[in-house]
Amino acid sequence: MTQGLAVTPVPVIEAQHLSKRFGDLRAVDDLSFSIPAGQCYGFLGPNGAGKTTTLKMLMGLASFDEGSLRVLGHALPQDARAVRARVGLVPQADNLDPDFTVRENLFMYARFFGLKRRAVADRVEALLAFAELTAKAEAKVETLSGGMKRRLTIARALINDPELVILDEPTTGLDPQVRHLIWARLAELRARGVSLILTTHYMEEAERLCDRLVIMDHGRILDEGTPAALIHRHVESDVIELRGSVSEALFTTLRSMSAHAERQGTAVYIYTHAATPILEFLEDADNLTVIHRRAGLEDVFLRLTGRGLRE
């Protein structure tokens, strides 16, 4: 054996120039990315950016018109069945079977992978504990809260012991306690070496979980990198938010003192690498609420995709 040579791991996903059209709409437009094994990789973007369509292509659930795609070493769409056997999917909407109990939902899902009840019995109990649903094992799905259903959907996605888990907005609509529990469980999976891919609208979720992420809009990748690198690359270090009546004269002055300033409704956002002089200037401002914070991923997202509403 040759000594001293570093072995480059095979990426879990390699996508080259993927495109997908729906009539005249180019939902995914020339996407290329490579995802290393054992990382959490995120897709951020406004509604309609192409995130869910991209995830469906990664699972072999949607075709693509151009490009090439390999998942876990398998070419898609040719080897879609082999890919799905090694991947766990958490869809955007829970699609649990209401006719079965929590435990039976896991056993029934195992059958889709050809797994016998006896073979997965221990795994089912471990997943119930993982999702903190042991006490609800015999409850019908319709009696569960939204957070419990989401935890069960995540547990179900792990029944085949997948190497890669794809999660489409895993915590949307959940209360903070449930969201933090799910974040902790996903961090556990990543620590075990499971690769994670997720879409999310929660910037805190992306910053906490993702090793790398892309920001998409109109089917294209606007930028890619670690959360910290994206923040450093696209926005200034500090943000000063003003709430109240900001005159045009004051806004003009603040804009001259900062790297970037913008209005949004009754709020003004000042982006700067030198916050102290601006804060001192605003000390005597009447009828203004001044909030000073460090720039975050949400500022990057809004800078790249705009503040306009998306339906």
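Which residues line the largest cavity? The lining consists of Phe130, Ala131, Arg151, Ile154, Ala155, Leu181, Ile182 and Arg185.

## Basis of the report

The structure is a predicted model, in which local features need pLDDT of at least 70 and side-chain atom pairs count only at pLDDT 80 or more, while totals for chains, interfaces and linings use all residues. Residues are numbered from 1 along each chain as its sequence is written, and side-chain values use heavy atoms, with hydrogens and water left out.

## The cavity

Rolling a probe the size of a water molecule over the atoms shows where empty space is left. A cavity is a set of points, on a 1 Å grid over the protein atoms alone, where a 1.4 Å probe fits but cannot get out; lining residues have an atom within 4 Å of a point. A search of the whole structure finds one cavity of 30 Å³ or more. The volume of the largest cavity is about 50 Å³, a volume being the space filled by probe spheres set on the points, with grid points joined across faces, edges and corners.

Helix H5 (146-157) and helix H6 each contribute at least two residues to the lining of this cavity. Helices (H or I, at least four residues) and strands (E, at least two) are DSSP runs, numbered from the N terminus. By class, the cavity lining has six nonpolar, no polar and two charged residues. Here Ala, Val, Leu, Ile, Met, Phe, Trp, Tyr, Cys and Pro count as nonpolar, Asp, Glu, Lys and Arg as charged, and the others, Gly among them, as polar.

## The largest pocket

A pocket is an open set of points with protein on both sides within 12 Å along at least five of seven lines. The largest pocket holds about 340 Å³ of space. Its lining has 14 residues, and Met59, Arg84, Tyr109, Phe112 and Phe113 lie nearest the centre. Helix H2 (80-85) and strand S6 (87-90) each supply at least two of the lining residues. The pocket lining divides into nine nonpolar, two polar and three charged residues.

Four strands form an open sheet in the order S2-S1-S4-S5, with antiparallel pairing; two strands pair if DSSP finds at least two bridges between them. Strand S2 (25-35) and strand S5 (74-76) are the edge strands, each pairing on one side only. On average, neighbouring strands are turned by 25° against each other, direction ignored. Axes are lines fitted to C-alpha atoms, for helices over the stretch in contact, and angles run from 0 to 180 degrees between N-to-C directions. Strand S1 (residues 13-22) and strand S4 (residues 66-71) pair over five bridges in the antiparallel sense, and serine 19 stands opposite glutamate 66 in S4.

Helix H1 (residues 51-58) packs on the sheet and touches S1, S2, S4 and S5, contact meaning heavy atoms within 4.5 Å. The direction of H1 makes about 60° with that of S2. Six of the eight residues of H1 are buried, namely Lys51, Thr53, Thr54, Leu55, Met57 and Leu58. Buried means under 20% relative accessible area, exposed over 50%, and partly exposed in between (1.4 Å probe, protein chains only). Glycine 60 follows H1 and has a positive phi, near 75°.

Alanine 85 lies in helix H2. Alanine 85 is classed as partly exposed because its relative accessible area is 42%. Leaving aside residues up to four places away in sequence, alanine 85 touches Phe113 and Asn160.

Proline 176 lies in helix H6 (residues 176-191). With a relative accessible area of 47%, proline 176 is likewise partly exposed.
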